[in-house]
Amino acid sequence: MSKSKRIYSFEIPSDFENQKMTPQVYQILSGISESGVSEYSETELKNFVQKLADDGKLKTGQKPWRIFQYYRAQMINAGICKMSNVEDSEEKSEAVNQ
């Protein structure tokens, strides 16, 4: 059984800066919102979050991906982020085509 690859989709509301969240979540969502990209593979997202930290847009003393992982459930519960496996998406596409 191969390891599934995750896809992250973001639906960031226009008033997200008014929602109650930590500065680091706000910094990540601001970066994603400014990028104009709403869907990332896990590898792409790891690189993007790292770049936010490298550019000083995400302020953390810890590894940037660790920060994202810590707040991931909060973003999912808020309906801002959805996480799915590539195999899930492919299976759904195959089911629709049958």
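Which residue forms a salt bridge with Lys51, and how far apart are the closest N and O atoms? Asp55 is the partner of Lys51, and the closest N and O atoms of the pair are 2.8 Å apart; a salt bridge is taken here as a side-chain nitrogen of Lys or Arg within 4 Å of a carboxyl oxygen of Asp or Glu. The model is a predicted one, in which local features need pLDDT of at least 70 and side-chain atom pairs count only at pLDDT 80 or more, while totals for chains, interfaces and linings use all residues. Residues are numbered from 1 along each chain as its sequence is written, and side-chain values use heavy atoms, with hydrogens and water left out.

The sheet is described first. Three strands form an open sheet in the order β2-β1-β3, with antiparallel pairing. Strands (E, at least two residues) and helices (H or I, at least four residues) are DSSP runs numbered from the N terminus, and two strands pair if DSSP finds at least two bridges between them. The edge strands, β2 (39-41) and β3 (81-85), each pair on one side only. From one strand to the next, the twist averages 20 degrees; angles run from 0 to 180 degrees between N-to-C directions, and axes are lines fitted to C-alpha atoms, for helices over the stretch in contact. Strand β1 (residues 6-10) pairs with β3 in the antiparallel sense over five bridges. Within this pairing, Cys81 in β3 is the bridge partner of Phe10, and Tyr8 stands opposite Met83 in β3. The antiparallel pairing of β1 with β2 extends over three bridges, and Glu39 in β2 is the bridge partner of Ser9.

Helix α3 (residues 64-77) lies across β1 and β3 and runs at about 60 degrees to β1. Strand β1 (residues 6-10) pairs with β3 over five bridges, and helix α2 (residues 42-54) packs on the sheet, touching β1 and β2, with its direction at about 100 degrees to that of β2. Contact means heavy atoms within 4.5 Å.

The axes of helix α1 (residues 23-35) and α3 come within 10 Å and cross at roughly 90 degrees. The two helices α1 and α3 are therefore roughly perpendicular to each other; under the convention used, angles under 35 degrees count as roughly parallel, over 145 as roughly antiparallel, 65 to 115 as roughly perpendicular and the rest as oblique. Gln24, Val25, Ile28 and Leu29 in α1 meet Ile67, Phe68, Tyr71, Gln74 and Met75 in α3. Of the residues in the contact of α1 with α3, seven are nonpolar, two are polar and none is charged. In this classification Ala, Val, Leu, Ile, Met, Phe, Trp, Tyr, Cys and Pro count as nonpolar, Asp, Glu, Lys and Arg as charged, and the others, Gly among them, as polar.

The axes of α1 and α2 likewise come within 10 Å, and they cross at roughly 110 degrees. This makes α1 roughly perpendicular to α2. Gln27, Ile28, Gly31, Ile32 and Ser35 of α1 make the contact with Leu45, Phe48 and Leu52 of α2. The residues of the contact of α1 with α2 comprise five nonpolar, three polar and no charged.

Met75 is placed in helix α3. With a relative accessibility of 1%, Met75 counts as buried, where buried means under 20% relative accessible area, exposed over 50% and partly exposed in between (1.4 Å probe, protein chains only). Apart from neighbours within four places in sequence, Met75 is in contact with Val25, Leu29, Phe68, Ile80 and Cys81. The C-alpha atoms of Met75 and Phe10 are separated by 9.1 Å, although the two residues are 65 residues apart along the chain.

The structure holds three salt bridges. In one of them, Glu42 pairs with Arg6, the closest N and O atoms being 3.5 Å apart. This pair links distant parts of the chain, with Glu42 in helix α2 and Arg6 in strand β1, 36 residues apart. Arg6 counts as partly exposed, at 31% relative accessibility. Glu11 forms a salt bridge with Lys82, with 3.7 Å between the closest N and O atoms. Glu11 lies in the loop between β1 and α1 and Lys82 in strand β3, so the pair ties together parts 71 residues apart in sequence. Glu11 counts as exposed at 53% relative accessibility, and Lys82 as partly exposed at 49%. In the salt bridge of Asp55 with Lys51, Asp55 is partly exposed with a relative accessible area of 42%, and Lys51 is partly exposed at 47% relative accessibility.
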